[in-house]
Amino acid sequence: MQHALILLGVLIAGMGLSVEAGLLGPLGEQVGHLSATLSIFLVGGLLLSLALVFSPNPKVATLFRQPRWLLTGGLLGPFYVIVLTLATPIVGVGMTMVGILCGQVAASLALDHFGWLGSECRGVDSYRVLALVMILAALWLM
Amino acid sequence: MFLPIIFVLLLVGGAILAAQSSINGRLGANTGVIESAWLTFVMGALLTFLLMFFFEPVQEATLFSVPKWQLTGALFGVVYMLAIVFAVPRVGTAAATVAVISGQLLMSLLIDHFGWFDNAQRPLDVSRYIAMALLIGAIGLIYLSHQQRQRRLVSQPSECTEAAVDPKP
């Protein structure tokens, strides 16, 4: 019962990601795609800065003791958000989300297979290959 | 003629998201979820500010002149992150991943169907219903794949660590 409630919450949170994309598309058309992307990172960054200041045991210093390549995730995020604002007005939110999912599943297979970015010791698993084929078919149908 | 470019962009965007999840999962495990999410958003803001400052063509509307509800997108990203942080230790990555993808796809099709938030209307038709059935199958397979991975981790706990929580913008 508790599990079901938590999963319902996660499902609603996932719906929020599509709402985010649905808001970004029209916003980007009006104020420009880069400005729309900035709004996401600016508001999120400021909110998280507040959260960090008031979090019980902030460990910001440990960030800079990590190997530098581990800190590059933040440079990749903007590309994803810019793609969202560019694509949704042209192909719609549904196709945008399915396309992103397709790239994600394909890349996670490659990451696992070649052991890139520190994700190692897994072969290609047939479930995900089949899932990828079905997602591609869905993308073609939409 | 735009379409093929958009397709490539979407696939690359998804691939980049997967790479980011992998990196941030590792970073989050080493430092902390709030710390890694903070770094992700702050670096994203710096980079997009620079891009916007130098490359954005001048627009009539600005972020300060549009209705405020259009600026609330970031809140959904932050809420998503908190939900994942709370849920993953309790229900596992397999179930959480499936719930996220299901919610995401369901809502995206609803937004298209009704044209919410000033989006163009793209009604559900037969081919979209077939696509939905295929996606449900794919989600089931993704669940099985995660479960299989979990079992392998339990049976032989080796040096490979399950990526913790990936903050996604």
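So, Phe54 of chain B: at 61% relative accessibility it counts as exposed, since the cut-off for that is over 50%. Bear in mind that this is a predicted model. Phe53(B) is also classed as exposed, with a relative accessibility of 55%.

Now, how are the rings of Phe53(B) and Phe54(B) arranged? Their centres are 5.5 Å apart and their planes sit at 85°, so that's an edge-to-face pair. Over all chains, the structure has 4 aromatic pairs.

Another of those ring pairs is Phe114(B) with Trp116(B). Here the centres are 5.2 Å apart and the planes are at 15°, so we call this one stacked. Both partners are partly exposed: Phe114(B) has a relative accessible area of 43%, and Trp116(B) comes in at 35%.

Okay, on to helix H4 of chain B, which is where you find Gln104(B). Is that glutamine buried or exposed? Gln104(B) has a relative accessible area of 8%, so with the cut-off at under 20% it's buried. And what is Gln104(B) in contact with, once you leave aside its neighbours within four places in sequence? The answer is Gly14(A), Met15(A), Leu17(A), Ser18(A) and Met97(A).

H4(B) comes up again when we look at helix H3 of chain B, residues 73–91. H3(B) has 19 residues and runs 26 Å from its first C-alpha to its last, close to the 27 Å you'd expect at 1.5 Å a residue. Its buried residues include Gly73(B), Ala74(B), Gly77(B), Tyr80(B), Met81(B), Ile84(B) and Val91(B). What covers them? The cover includes helices from both chains: H1 (2–31) and H2 (33–53) of chain A, plus H2 (33–55) and H4 (93–114) of chain B.

Last thing, pockets. Rolling a probe the size of a water molecule over the atoms shows where empty space is left. The second largest pocket holds about 160 Å³ of space. Which residues line that pocket? From chain A you have Val31(A) and Ser35(A). The chain B residues in the lining include Met52(B), Glu56(B), Pro57(B), Gln59(B), Thr62(B) and Phe64(B). By class, the lining has 7 nonpolar, 3 polar and 1 charged residues. Glu56(B) is the charged one.

Conventions:
Residues are numbered from 1 along each chain as its sequence is written. Chains are lettered from A and ligands numbered from 1 in the order in which they are written. This is a predicted model: local features need pLDDT of at least 70, side-chain atom pairs count only at pLDDT 80 or more; totals for chains, interfaces and linings use all residues. Side-chain values use heavy atoms; hydrogens and water are left out. Helices (H or I, at least four residues) and strands (E, at least two) are DSSP runs, numbered from the N terminus. The expected span of a helix is 1.5 Å times one less than its number of residues. Buried means under 20% relative accessible area, exposed over 50%, partly exposed in between (1.4 Å probe, protein chains only). Contact means heavy atoms within 4.5 Å. On a 1 Å grid over the protein atoms alone, a cavity is a set of points where a 1.4 Å probe fits but cannot get out, and a pocket is an open set with protein on both sides within 12 Å along at least five of seven lines; lining residues have an atom within 4 Å of a point. Grid points are joined across faces, edges and corners, and a volume is the space filled by probe spheres set on the points. Rings of Phe, Tyr and Trp (its six-membered ring) pair if their centres lie within 6.5 Å; planes under 30 degrees apart count as stacked, over 60 as edge-to-face and the rest as tilted.
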